[in-house]
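I am opening a notebook page for this structure. I will write down what I looked up, one topic at a time.

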Amino acid sequence: MANNQSVRRYLDAFTRGRIIGKLSEGRSVTNIRGFSSGRPRETTPADDRYIVLQARRNRRQTAGEIARHTTQATGRPILRFTVARRLHGGGLFARRPVRCVLLTPVHRRRRSLWCREHRNCRDNEWGRVLFTDESIFSLSSDSHRILIWRVWGNRNHPSNIIERDRNGGRGVLVWGGIMLGRRTDLHIFDAGSVNGTRYCNEILLPYVRLFRSAMGLQFLFMDDNAPCHRTVAAEQLLESEDIKRMDWPARSPDLNPIEHIWDFLGRCLAARTLPPVTIRELRLALQDEWAAQFL
């Protein structure tokens, strides 16, 4: 009977928000209704909404800038760390912005028009297009492609550092082309700039003309608007060989599927156990990876 009265007394104290005494296990639990343990919140729910709204309106503001604006608006000091926590609670995190090419309104309209014209193309229509492009590969590893495992506190240990030339270091310029189920060989340019004459002699005649002969009149050639691609000599050669060129909007490298190939090829080079350290080794590694990965 006494035990039942004790239980009812403890339950009654709990429902009124009083302090619960020691439990039978010997642990002490404090639960006062209407109060919380720890520091009180510096911001109200309205402040939290204001902080998130400020970040969404101007995504380039720092947490410190938002804290100053919130302090001025509320009349209460708001710390930068508090703002960061409220933004995390609102689903916003500080990340590097995605980089893209500069687009004018004219570029945007032409890109949009090109996409609308080709959005209903079928596989057999895309299958007759040879997508081509050039890319530069450097001897300096791209550290963004590589992740390492390390313990806390040894960030600057030599084994955790990847040296990278700020200017990219020495490298080679390559050209390649892809189609559905087909690809060209990987062409590596020798030193020197690529002009219209080199583009005709090293790319159009040995590679593009070969694909045109194999596929016939349905063949469609895609290259971008680089100066060497749009020379008079290149235009005349394509016309004489009856090679139809696909219209391509300016500043649209992201629309070219071969960009994914260059990224994958760079990852293959970075993942090599013995990365190339000379230009000759880089050329051989590129040829090997292209032949092995894109058969």
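In which loop does Arg251 lie? I found Arg251 in the loop between S6 and H9. Helices (H or I, at least four residues) and strands (E, at least two) are DSSP runs, numbered from the N terminus.

I noted that this is a predicted model, in which local features need pLDDT of at least 70, side-chain atom pairs count only at pLDDT 80 or more, and totals for chains, interfaces and linings use all residues. Residues are numbered from 1 along each chain as its sequence is written, and side-chain values use heavy atoms, with hydrogens and water left out.

**Backbone angles**

I looked up phi for Arg251 and got a value near 55°, which is positive in a residue other than glycine. Most residues other than glycine have a negative phi. Arg251 has a relative accessible area of 42%, so I put it down as partly exposed. Buried means under 20% relative accessible area, exposed over 50%, and partly exposed in between (1.4 Å probe, protein chains only).

For Asp242, phi is likewise positive, near 55°. Asp242 sits in the loop between helix H8 (232-240) and strand S6 (244-245). Its relative accessibility is 47%, so Asp242 is partly exposed.

**Cysteines**

I looked for disulfides (pairs of cysteine sulfur atoms within 2.5 Å) and the structure holds zero. Cys115 counts as partly exposed because its relative accessibility is 34%. Cys268 has 11%, so Cys268 counts as buried.

**Nonpolar cores**

A nonpolar core is a set of buried Ala, Val, Leu, Ile, Met, Phe, Trp, Tyr and Cys residues joined through side-chain atoms within 4.5 Å. The largest one has 24 residues, and those with the most contacts inside it include Phe137, Val174 and Trp262. At least two residues of this core come from each of several elements, among them strand S1 (129-138), strand S2 (171-179) and helix H10 (279-293). H9 gives the largest share, five residues.

I also listed contacts (heavy atoms within 4.5 Å) of Val174, leaving aside its neighbours within four places in sequence; they include Phe137, Ile188, Trp262 and Leu286.

**A helix pair**

The axes of helix H3 (residues 63-74) and helix H4 (residues 80-89) come within 8 Å and cross at roughly 105°. Axes are lines fitted to C-alpha atoms, for helices over the stretch in contact, and angles run from 0 to 180 degrees between N-to-C directions. I therefore wrote down H3 and H4 as roughly perpendicular (65 to 115 degrees; under 35 is roughly parallel, over 145 roughly antiparallel, the rest oblique). Ala63, Gly64, Ile66 and Ala67 of H3 make the contact with Arg80, Val83 and Leu87 of H4.
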